Amino acid sequence: MSRQATDQTDRIDRIPPLTHRLVPSPAGRIHLVEQGAGPLVLLVHGFPESWFSWRRQLPVLAAAGYRAVAIDVRGYGRSSKPAETAAYRMLDLVEDNVAVVHALGERTAVVVGHDWGSPIAANSGLLRPDVFRAVGMLSVPYSPRGGPRPSEVFSRIGRGEEFYISYFQQPGRAEGEIEPDVRGWLAGVYAALSAETMPADGAPAPHFVAPGGRMRDRFPAERLPSWLTEEELDLYAGEFERTGFTGALNRYRNMDRDWEELADFDGAPLTQPSLFVGGGRDASTTSMAEAVDAYPVTLPGLYASHILENCGHWIQQERPEEINRILTEWLAALPAPPA
């Protein structure tokens, strides 16, 4: 083991354990897990995950001198789950993030998001630059609001098959597929989008649903990716078995509403210091290559953009050491937060 790795292990061993808290927010309450002390770094997960997706980042960020905080987004885990579909619009999720920062007694934070957490983080920076001083995005590139209504775009994708976001739109439909076997469905989607277990090139894509079919029809069977243990899968499954999937899926059901409500930000660049990391085998990254190419215009404060080769969608879990190194180097390069 190198001297640097030994020093980092020693620092991790000395930091306090994880602390779970519930804080007030417009959703009702947000559950968070924190570790460490220093400038606040807010970590926002995607679908279908929870705060737990940041388990390999929290201790490293804490050891590097940051107050690392991972939330359960509203509708997930132990956070409140409003009943109305419209309660999962982007404006409300941004206000949840602001409420968490203030509830923790902080004025500003760096926000980092993965999957759906990436646009939530980006919009948090866009709408509340007074609170979010820097933005990190994993897997889903920054793409300013614009173009046709999202539902119109999604309906044209697939060549006779249904894009998964369109499949998620009708309340109860995806829930009817997932909830009878939450653990099996989660195991399948995690495997389907991981570099080591995803379907071979040329096989039917798991992002599309054949007429009369289900998403899980294209998931790999009976093989977990190496980054996920049976016990970790049990934790994810237990959370969704308790909460159901409607709150999580309602995020997808607000994309047209977001498009309407964020019209004033059409084409807007994100000007804070920013970071992007995507997987070279992640369709969420590769399908948006034009958005990455546009970063000189859309992310004028970009520190770095990385594509990790042979990496899939669950990037901070598939490649935690690289993500931790990239994050800590970026955070160290940021200007100090205002006193």
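Asn310 is exposed, with a relative accessible area of 52%; exposed means over 50% relative accessible area, buried under 20%, and partly exposed in between, with a 1.4 Å probe and protein chains only. Asn310 is found in the loop between strand 10 and helix 15 (315-318), and its phi is positive, about 55°, although it is not a glycine. Helices (H or I, at least four residues) and strands (E, at least two) are DSSP runs, numbered from the N terminus.

Asp115 also has a positive phi without being a glycine, with a value near 55°. Its place is in the loop between strand 5 and helix 4. Asp115 counts as buried because its relative accessibility is 10%.

## Basis of the model

This is a predicted model, in which local features need pLDDT of at least 70 and side-chain atom pairs count only at pLDDT 80 or more, while totals for chains, interfaces and linings use all residues. Residues are numbered from 1 along each chain as its sequence is written, and side-chain values use heavy atoms, with hydrogens and water left out.

## The sheet and the helices on it

Eight strands in the order 1-2-4-3-5-6-9-10 make up an open sheet with mixed pairing; two strands pair if DSSP finds at least two bridges between them. Strand 1 (19-25) and strand 10 (302-308) are the edge strands, each pairing on one side only. On average, neighbouring strands of this sheet are turned by 20° against each other, direction ignored. Axes are lines fitted to C-alpha atoms, for helices over the stretch in contact, and angles run from 0 to 180 degrees between N-to-C directions.

Seven bridges link strand 1 to strand 2 (residues 28-35) in the antiparallel sense, and the bridge partner of His20 in strand 2 is Val33. Strand 5 and strand 6, by contrast, run parallel and are joined by six bridges; Ala109 stands opposite Phe132 in strand 6. Strand 6 is mostly covered, with seven of its seven residues buried.

Helix 3 (residues 90-103) lies across strand 1, strand 2, strand 3 (40-44), strand 4 (67-71), strand 5 (109-114) and strand 6 (132-138), and it runs at about 120° to strand 1. Helix 16 (residues 320-333) also packs on the sheet, where it touches strand 3, strand 5, strand 6, strand 9 (274-279) and strand 10. The direction of helix 16 makes about 175° with that of strand 10.

Helix 8 (residues 182-192) is largely enclosed by the rest of the structure, because nine of its 11 residues are buried. Among them are Trp185, Leu186 and Tyr190. The cover over the buried residues includes helix 7 (173-178) and helix 9 (230-243), where contact means heavy atoms within 4.5 Å.

Of the 97 residues in the largest nonpolar core, Phe47 and Leu186 touch the most other members. Helix 8 gives the most to this core, with seven residues. Such a core is a set of buried Ala, Val, Leu, Ile, Met, Phe, Trp, Tyr and Cys residues joined through side-chain atoms within 4.5 Å. Leaving out residues up to four places away in sequence, Leu186 touches Pro48, Leu233, Tyr236, Ala237, Phe240 and Phe245. Tyr190 counts as buried, at 0% relative accessibility; beyond its neighbours within four places in sequence, its contacts include Pro48, Glu49, Trp227 and Trp314. Pro48 lies in the loop between strand 3 and helix 2 (58-63), and a cis peptide bond with omega of about -10° joins Phe47 to Pro48.

## Pocket and cavities

The largest pocket has a volume of about 1,200 Å³. Of its 39 lining residues, Val140, Ser143, Phe154, Met255 and Met288 are the closest to its centre. Helix 4 gives the most to the lining, with five residues. On a 1 Å grid over the protein atoms alone, a cavity is a set of points where a 1.4 Å probe fits but cannot get out, and a pocket is an open set with protein on both sides within 12 Å along at least five of seven lines; lining residues have an atom within 4 Å of a point. Grid points are joined across faces, edges and corners, and a volume is the space filled by probe spheres set on the points.

The structure holds two cavities of 30 Å³ or more. The largest cavity contains about 50 Å³ of space, and the residues lining it include His45, Arg74, Trp116 and Arg251.
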